[in-house]
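Q: I'm new to this one and would like to learn how to read it. Can we take it feature by feature?

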Amino acid sequence: MSTFPWLKGHGTENDFVILPDPDGSLHGELDADLVRFLCDRHAGLGADGVLRVIQGDKQSYVEDGGDWFMDYRNADGSIAEMCGNGVRVFVKYLADAGLIDDKPVRVGTRAGIKEVSQNDDGTLTVDMGEPTLPGPAGIVVEANGHQWPAVHVDMGNPHAVAFVDNLGEPGNLCDQPTWSPTSAFPHGVNVEFVVRRDAHDVQMRVHERGSGETRSCGTGTCAVTVAAARQARDELPVTYRVGVPGGDVSVTWRADNHLELTGPAVLHARGDFDRAWLPA
Ligand SMILES: N[C@@H](CCC[C@H](N)C(=O)O)C(=O)O
């Protein structure tokens, strides 16, 4: 086939190129160069990442691929374990394409199975699993000449959450914030900057590993909820509204220690990509 289909979608403006590949035949073809090209906002389609959609039993990345497996790639071509906004967009695609019914779907990811439910109001809810706080204590992140203490929250992928006085402090975030000790995040880290607006209401910005500053990060909103709830000594269950530049999501930290992320998912473009257009 000299063309392959694509769609574009976003969750609170964290945007993705979706590559339907039910039988996994794009394996090997979807290398880092192709991902970078697809995500390029000037020469490609433009996105924060790529969601490749494979039937759970047709993938070879993890033992349990679920009903459908989400092969997630960051805009720089790197592979990430999980994407909380991406998984909602992924299920929105499956539902619109008639590939699933309205029952909860088990989505395989490199961070395990995530169950996703479609709500009557059009939002989707993801069981994001349990957070871990691997530490160490004393992490500091630095951006724009400022330093802040940060907490390491792992949501399957790594996050450093820093409370700031105002969201302008970290500057334009063109560069990756730095952190110490450097050994805390040997594989890089997503960095969230947060202000508390009310008891259970926070606003954040994020610099994503492999994608730069984005308009939202679903795993990041969960990490921020964990850091905020611990800071406030909230009892579980607790629900936070988390504002991001691209909208709002709701995160519940349940009594069984699972995080539940609810937010929108939108599909907004589709087409076919001709392989002849790929750079040599
Ligand atoms: N935007 C995502 C997270 C994508 C992966 C992240 N950049 C990483 O490298 O861990 C989300 O919505 O969670």
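Q: Is Thr219 buried or exposed?
A: The general idea is to count neighbours: a residue is buried if 20 or more other C-beta atoms lie within 10 Å of its own, exposed if 12 or fewer, and partly exposed in between, with C-beta atoms placed from the backbone. Thr219 has 32 other C-beta atoms within 10 Å, so it is buried. Bear in mind that this is a predicted model, where local features need pLDDT of at least 70, side-chain atom pairs count only at pLDDT 80 or more, and totals for chains, interfaces and linings use all residues. Residues are numbered from 1 along each chain as its sequence is written.

Q: Where does Thr219 lie, and what does it touch?
A: Helices are DSSP runs of H or I with at least four residues, strands are runs of E with at least two, and both are numbered from the N terminus. Thr219 is part of helix α3. Contact means that two C-beta atoms, placed from the backbone, lie within 7 Å. Leaving out residues up to four places away in sequence, Thr219 touches Met82, Cys83, Gly84, Met155, Gly156, Asn157 and His159.

Q: Which residues does UniProt give as "active site"?
A: UniProt positions use the numbering here, feature names are shortened, and annotations may be inferred rather than shown by experiment. The unreviewed entry puts "active site" at Cys83 and Cys217. They span 135 residues in sequence, yet no two of their C-alpha atoms are more than 7.5 Å apart, so they gather at one spot.

Q: Where is each of those cysteines found?
A: Cys83 sits in the loop between β4 (68–74) and α2 (84–96), and Cys217 in the loop between β14 (212–214) and α3 (218–231). Cys83 counts as buried because it has 31 C-beta neighbours inside 10 Å; Cys217 is buried too, with 36.

Q: Which residues are closest to the ligand?
A: A residue is near a molecule if its C-beta atom, placed from the backbone, lies within 6 Å of it. Here 17 residues surround the ligand, and the closest are Ala80, Asn85, Asn157, Gly218 and Thr219. Helix α2 gives the most to this shell, with 3 residues.

Q: Why does the ligand lie between two domains?
A: Domain bounds come from an automatic or database domain assignment. Domain 1 (3–123 + 265–277) and domain 2 (139–263) both give residues to the shell, so the ligand lies between them.
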